[in-house]
Structures are given as structure tokens and as C-alpha cells.
Amino acid sequence: MKKIIFACDMDNTLIHSYKKKANGDICVELLDGAEQSFVSPLTQTLISQLNERSDILFLPVTTRSIAQYKRIMWSDGNTPELALVCNGSILLRNGVPDEKWLADTYKMNSPYKNELNRLNEKYKGYDCFKTVRIVDEMFLFVYCYNKDEMQKIAEECAKDTSLSIEYSGNKMYFFPPYANKGYSLKRFSEIVNADKIIAAGDSMIDCSMLDTADNALIPNSTLSSLLKKNNYTICSDDCLFSEFILQYVLNE
């Protein structure tokens, strides 16, 4: 039995985009041949150390689709065996969807399929949206032109649907109840028992997961106001968030 489940968001938590690239950073994702995401050298070293620990189960938990997650290039021997993608809707085992998990998700998804399809067709006609698509049959993704209007747009959309609406930057998501990182982490913990769950994340989409964990790791105090539990530790000002969370877990 694993002693610790370490549930970790990916983008802007464990990895960062080319916009935040520092000298010496290591590319871990290519998109159409261009360097897209990076980790610091120390982060890569700490991931290797983490995977040497038999008492820790490292579980990436990401809103990325299957294809987007598979773009991540882990260093040799460090590819996680398990990962929750599509905001926890799909459990990957060595890159392949777990059949039992997927079947259960499809059952939970069934009442919301028509709603997802309705919103998908409706929002494709909205001028404020650059991209509208259903991700791996699990939730609706919308990319907005103006991120300054995100709260207003989300409030208007909420009047038209019972789906949960969350946003970050220019990206907005319409989630059925099952497509929730916290709920998915609870599902996972029923399969893999552990003494403790540690979770790390940087956005409102991670809050349910952070509240589910015994210990939550966040980059700054901004996110603390969105959490229901006082179970969080804030990253040190002088430390990269990815390095901070990995060192924290390794010291457990």
C-alpha cells in the first residue's frame, strides 16, 4: 500500500509555458514542432527522486485531453504509471484509458450529453468565442477572445445551464458534476488506499482537489480565499512552485 498519494496539477503547477521560460529550463512539450512547456533542471531532478520513492504514488491530475497529456515528454523512467486527465474523467494506466473507470464515467456522463451538445452548437455561433469544442466526450471547452470579460460571460452562461462553469485566463470550461478534480480524487482514493493525500494546484479548477486532500499546496495567498478548508501551505516567495511542492512531498 502506498503511504502517500501526491495529486498534482500540471500546467503552471508542475510545468510552465514558454512565456515563463528561464535560462536552462528543459523543454517537456512540443506543439506543432515548437517548444511549448518547460520544467526547471531542479524540478526534473526532484521528479526523478519522487519516482524512486515506493511509498509515494505520483498522480498527475489535469484538465488536459488525452492527446494533450500525451504530448508531455517525461525524462527516461519518470513517466507516471497513472494519470487523471479530462479533469479526472479518464484514468490512464500507462497511457491507456482504464476500462472500468471509463465505463463508470460514461454512465455518469449520460444525463449531460444532450446539454453538452446543445451548448456546443449554440456557442459556436458566438462572436466572443474563438474556440468551442467538446473534449474527449467529457466536457465543453471555450476559448474567449477577451479574458477581462470572463466573469461577466461566465455569469451570463450560468443562466443557461446547470453545468458547472469554471475559467482561467481566456479558457472557460463547462463541467458535468462528475468532471471534477475533487470528486475524481475521491474515486481514485477508493481504489488506491493511502495514509495521506497531498494535492498541488494553482487555479480555481483545482480547488475541489485541494479541499479533498489532507494537505494542499498553492502558489500564493490568492487561491486561499477560494478554499473551503484551512489545510493549505503557500509556496515560499523565493522558490519556484514546482520545486517547492516536490521538495515538500519528498520531505514527508
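Q: Where is Ser162 in this predicted model?
A: Ser162 sits in the loop that joins α5 (150–158) to β11 (164–168). The model is predicted.

Q: Why is Ser162 called exposed?
A: Ser162 has a relative accessible area of 68%. The term exposed applies over 50%, so Ser162 is exposed.

Q: How far apart are Ser162 and Ser37 in sequence and in space?
A: In sequence they are 125 residues apart. In space, from C-alpha to C-alpha, Ser162 and Ser37 are 34 Å apart.

Q: Why does Asn87 count as buried?
A: The relative accessibility of Asn87 is 1%. Buried means under 20%, so Asn87 counts as buried. Asn87 belongs to the loop between β6 (82–85) and β7 (90–93).

Q: What is the phi of Asn87?
A: Asn87 has a positive phi of about 60 degrees, although Asn87 is not a glycine.

Q: Why is Glu137 called partly exposed?
A: Glu137 has a relative accessibility of 45%. Partly exposed covers the range between the 20% limit for buried and the 50% limit for exposed, so Glu137 counts as partly exposed. The loop between β9 (129–135) and β10 (139–144) holds Glu137. Its phi is positive, about 70 degrees, although Glu137 is not a glycine.

Q: What makes Lys171 partly exposed?
A: The value for Lys171 is 39% relative accessibility. Lys171 is in strand β12 (residues 171–175).

Q: Which residues gather with Lys171 in a patch of positive charge?
A: Lys19, Arg133 and Lys147 gather with Lys171 in this patch on the surface. Lys and Arg count as positive.

Q: What is the strand order in the open sheet of 3 strands?
A: The order is β2-β4-β3, and the pairing is antiparallel.

Q: Why do β2 and β3 stand at the edges?
A: β2 (16–17) and β3 (26–31) each have a single partner strand, so one side of each is left without a neighbour in the sheet.

Q: How do you know that β3 and β4 pair?
A: Pairing needs at least two bridges between the strands. β3 and strand β4 (residues 34–39) have 5 bridges, in the antiparallel sense, so the two strands pair.

Q: Which residue in β4 stands opposite Cys27?
A: Phe38 in β4 stands opposite Cys27.

Definitions and conventions. Residues numbered from 1 in each chain as written. Predicted model: local features only at pLDDT ≥ 70, side-chain atom pairs only at ≥ 80, totals over all residues. Heavy atoms only, no water. Patch = residues over 30% accessible without salt bridge, like charges linked within 9 Å, V, L, I, M, F, W, Y side chains within 5 Å. Areas by Shrake-Rupley, 256 points an atom, 1.4 Å probe, with all protein chains shown as cover. Salt bridge = Lys/Arg side-chain N within 4 Å of Asp/Glu carboxyl O. Charge placed at Lys NZ, Arg CZ, Asp CG, Glu CD. Helix = DSSP H or I, 4+ residues; strand = E, 2+ residues; numbered from the N terminus. Buried < 20%, exposed > 50% of the residue type's maximum accessible area, 1.4 Å probe, protein only.
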